[in-house]
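Subject: Structure for you to look at

Hello,

Here is the structure I promised to pass on. Please open it first, then read the notes below.

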Number of protein chains: 2
Amino acid sequence: MKNKGLLIVISGPSGAGKGTVCRELLRSFNKNLELSISVTTRKPRVGETEGVNYFFRDKDEFARMVEDGEFIEYAKVHDNFYGTPKNYVMSKLEDGKDVILEIDMQGGMKVKHVFHEAISIYIIPPTFAELKKRIEGRGTETEKDICKRLKNAYEELGHVNNYDYVVVNDDIKNAAKKINCILTAEKCRLSRSNIDFDKFREG
Amino acid sequence: MKNKGLLIVISGPSGAGKGTVCRELLRSFNKNLELSISVTTRKPRVGETEGVNYFFRDKDEFARMVEDGEFIEYAKVHDNFYGTPKNYVMSKLEDGKDVILEIDMQGGMKVKHVFHEAISIYIIPPTFAELKKRIEGRGTETEKDICKRLKNAYEELGHVNNYDYVVVNDDIKNAAKKINCILTAEKCRLSRSNIDFDKFREG
């Protein structure tokens, strides 16, 4: 993937603050960065726009896209499907854009399986107690939902060594800054460098 | 090397500006960083201080240290010996300090052989033409020395893929900033992380 953009997988338990950190990263640091847009079969909510928040497709069209291998990964969540569109992501990378996929661990692992060169970052809250507090504090979820999220978070944390990097979200700006550093560093990797050393030597 | 400092090898052809970039890095960014001090058999120059610029030792003592395995690597340059003292570096790392070794490629490779977890960074000037200009522009060297330096640089650049990272020194502040990012990113690597995830989950 020389000369092309970086593909970045960002995951983390709900309550880790992935979305907020990604928005801060896009806002403050990296002008060359884009958040990937998922395809979903769920209905648009008020204020959501096609091609901005999601690509909205019906279930038949989604099934066809699955059939035709148009997703890097997809998953069913409750009654709806969500997928990462391969062509959309590839064309951004070809244009030299760095693309963030904010997806769950299972999806993240599928992406790494297809794109070995993807960079995977797992965001965690400072403590598990803080995670509990954040999930409970939302006040929008039932006791059962809270338990499920905590159980999922607990299980995921046992597999966090699947990821390349872990960033503690103790402070949103600080976490975004660290991710920005990870992207800067990865661009300096010899294995990704677009410097032609043979040409350089003759220059 | 969990919980300990990072060992950083910085190399690059003469004229790449390694020294200037390292000083900028120490000055502006990373308070936890130290430049390693080499042992040498050469006589102190005016203004050089024992334990600040070098550890000055006579040839017999240097030979004894080689014999006793007290160097991570050592080399003969012209008529003098230079070595990286193992105990000095190890005790800094144990204290949690990040330690920079500013050494040549041959030394760098020896360090990587002993410390697999060392981070290696190769600094290059923006173009080879610029490197020529910088080496020639010093005005302190003979035609023969200039030729030798250019030949060495040319040869080294053929082996630069031995390094983890390459940083183009187009601007001193910018190059120092990139190295600072590399260190930040490396500290977020799961493989170096000092987070105890089992403990975290129970917390």
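B:E73 stands opposite B:T84 in strand β6 of chain B. Keep in mind that this is a predicted model.

**The mixed sheet**

That pair sits where β5(B) meets β6(B), residues 80–85. The two strands pair in the antiparallel sense, over six bridges. They belong to an open sheet of four strands, in the order β4-β3-β6-β5 of chain B. Its pairing is mixed. The edges are β4 (54–56) and β5 (71–77) of chain B. Each has a single partner strand, so one side of each is left without a neighbour in the sheet. On average, neighbouring strands here are turned by 25° against each other, direction ignored.

A helix goes with this sheet. Helix α3 of chain B, residues 86–94, lies across β5 and β6 of chain B. It runs at about 30° to β6(B).

**The parallel sheet**

Chain B has another open sheet, made of five strands. The order is β2-β7-β1-β8-β9, and the pairing is parallel. β2 (33–35) and β9 of chain B are the edge strands, and each pairs on one side only. From one strand to the next, the twist averages 25°.

Three bridges join β2(B) to β7(B), residues 98–102, and the two run parallel. Within this sheet B:E34 stands opposite B:V99 in β7(B). Helix α4 of chain B, residues 105–114, packs on the sheet. It touches β1 (7–11), β7 and β8 (119–124) of chain B. Its direction makes about 160° with that of β1(B).

Now look at β1(B). What does it pair with on either side? Four bridges link β1(B) to β7(B) in the parallel sense. Another strand, β8(B), is also joined to β1(B) by four bridges, and these two run parallel. In β8(B), B:I121 is the bridge partner of B:I10.

Is β1(B) buried or exposed? Five of its five residues are buried, so the strand is largely enclosed by the rest of the structure. Both of its faces are covered. B:L7, B:V9 and B:S11 are on one side, B:I8 and B:I10 are on the other, and all are buried. In general, side chains in a regular strand alternate between the two faces of the sheet.

**Chain A as a whole**

Chain A has eight helices and nine strands. Its radius of gyration is 18 Å, close to the 17 Å that the globule rule gives for 203 residues, so chain A is as compact as a globular protein of that length. Its C-alpha atoms fill a box of roughly 65 × 45 × 30 Å along the principal axes. Buried residues make up 35% of the 203 residues. Take the contacts in chain A with a separation of 6 or more: 69% of them come from residues 24 or more positions apart.

**How the two chains meet**

The contact takes 26 residues from chain B and 26 residues from chain A. On the chain B side, the elements that give two or more residues are α5 (128–137), α6 (143–157), β9 (165–168), α7 (172–188) and α8 (197–202). α7(B) gives the most, with six residues. The chain B side divides into 17 nonpolar, five polar and four charged residues. Of the interface residues of chain B, 100% are also interface residues in chain A, so the copies meet through the same surface.

Go back to B:C181, which is found in helix α7 of chain B. B:C181 is buried, with 24 other C-beta atoms within 10 Å. Which residues does B:C181 contact, leaving aside its neighbours within four places in sequence? They are A:C181, A:T184 and A:A185. Within chain B, the C-alpha atoms of B:C181 and B:F29 are separated by 9.8 Å, and the two residues are 152 apart along the chain.

Best wishes

Conventions:
Residues numbered from 1 in each chain as written. Chains lettered and ligands numbered in written order. Predicted model: local features only at pLDDT ≥ 70, side-chain atom pairs only at ≥ 80, totals over all residues. Contact = placed C-beta atoms within 7 Å. Rg over C-alpha atoms; globule rule 2.2 N^0.38 Å. Buried ≥ 20, exposed ≤ 12 C-beta atoms within 10 Å, placed from the backbone. Nonpolar A, V, L, I, M, F, W, Y, C, P; charged D, E, K, R; others polar. Pairing = 2+ DSSP bridges. Axes fitted to C-alpha atoms, helices over the stretch in contact; angles between N-to-C directions.
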